[in-house]
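My entries follow in the order in which I made them.

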Amino acid sequence: MSGFDRYLKDVLESATEEARRQGAATVEAEHLLLAIAAAGSPALDAAGLDQAAIRAALDREFAHSLATVGVSAAAFDLPPATPAKDRRLQPGASVRLALERTFVAAAGRDPQPAHLLLGILAAEVGIVPRALALAGFDRVALIARVHG
Amino acid sequence: MSDDPADALAAVAALRRLADQLEDAAVEQAMRAGWGWPKVAEALGVTRQAVHKKHLKRLEAAGVELRRR
C-alpha cells in the first residue's frame with residue numbers, strides 16, 4: 001500500500017467514526033475534513049482551522065441552514081441517541097466528488113495528503129464551503145495556501 | 001426565505017440530517033419507554049421491518065430492554 005493509500009484509508013476510517021458518532025446516514029466531506037484536521041494538516045493549522053474551529057463552523061452552518069426554513073436545531077432536546085456501531089456507512093456523494101477532485105488536483109502524479117484537502121476545498125457548494133464562508137474563512141485563499 | 005437557491009438547497013440537506021438524528025433519538029426514547037416495534041413503526045409511518053433493521057442492533061448494544069410486540 002502506498003503512503004497515500006494508507007493515509008486515505010486512515011482518514012476515511014476516522015471520518016466514518018465521526019459520521020457514526022453524529023448519527024449521519026453516510027460519510028460526507030465534512031466528516032473527512034474533520035478527520036484530516038485530526039490527523040494533522042499544516043495548511044489547515046496555518047489558517048487557524050483546527051478540528052474545534054471546523055466543528056464550530058459546521059455547527060453554525062447546520063443551525064443557519066435550518067434557520068432559513070424556521071427550524072431551530074436547539075429545539076431538538078431529546079437525549080442523544082446511542083451511536084449505531086453496526087451500521088455500515090458508505091461514502092456519500094460529497095466524498096466521492098472530493099476523491100475525484102483529489103486525482104484531478106494530483107494531475108497524474110501520485111496524490112499526496114494535500115491533494116485530498118484540495119479535493120474537498122474544490123467544492124463550491126455544499127456544507128463545507130458554506131461552513132467555511134459563514135465562519136469567515138476564505139476558501140480560495142485556503143486553496144492557494146495549500147498549493148503553497 | 002432567502003433569494004439564494006443555495007440557502008434552500010442547504011436547508012433540505014440540513015433537515016435530512018436533523019431528521020436522521022431525530023429518528024435515532026426518538027426511536028430510542030420510545031423503546032426505552034416500553035413501546036413495541038409495530039407501534040414505533042406505525043408512528044413513524046414506515047414498516048416494522050424497516051425500523052427493526054435500522055435500529056435493533058443499536059438499541060440492543062445500548063442495553064435497551066426491547067419488547068417483542
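Entry 1, a charged pair. I looked up B:Arg17 and found its side chain in a salt bridge with that of A:Glu61, at 3.3 Å from N to O, where a salt bridge is a side-chain nitrogen of Lys or Arg within 4 Å of a carboxyl oxygen of Asp or Glu. The rule finds three salt bridges across the interface of chain B and chain A.

I note that this is a predicted model, in which local features need pLDDT of at least 70 and side-chain atom pairs count only at pLDDT 80 or more, while totals for chains, interfaces and linings use all residues. Residues are numbered from 1 along each chain as its sequence is written, chains are lettered from A in the order in which they are written, and side-chain values use heavy atoms, with hydrogens and water left out.

Entry 2, the interface. I found 23 residues of chain B in contact (heavy atoms within 4.5 Å) with 22 residues of chain A. The buried area, meaning the accessible area (1.4 Å probe) that two parts lose on being put together, summed over both, is about 2,100 Å² between the two chains, and carbon and sulfur atoms give 64% of that. I saw that B:Arg17, B:Leu18 and B:Arg58 supply 25% of what chain B buries against chain A, more than any other three residues.

On the side of chain B that touches chain A, the elements giving two or more residues are helix 1 (5-32) and helix 3 (48-61) of chain B, helices being DSSP runs (H or I) of at least four residues, numbered from the N terminus. Helix 1 of chain B gives the largest share of that side, 17 residues.

Leaving out residues up to four places away in sequence, A:Leu32 touches A:Val11, A:Leu12, A:Ala15, A:Val95, A:Leu116 and A:Ile120.

A:His115 is found in helix 6 of chain A, and it counts as buried because its relative accessibility is 11%, buried meaning under 20% relative accessible area (1.4 Å probe, protein chains only).

Technical notes:
Buried means under 20% relative accessible area, exposed over 50%, partly exposed in between (1.4 Å probe, protein chains only).
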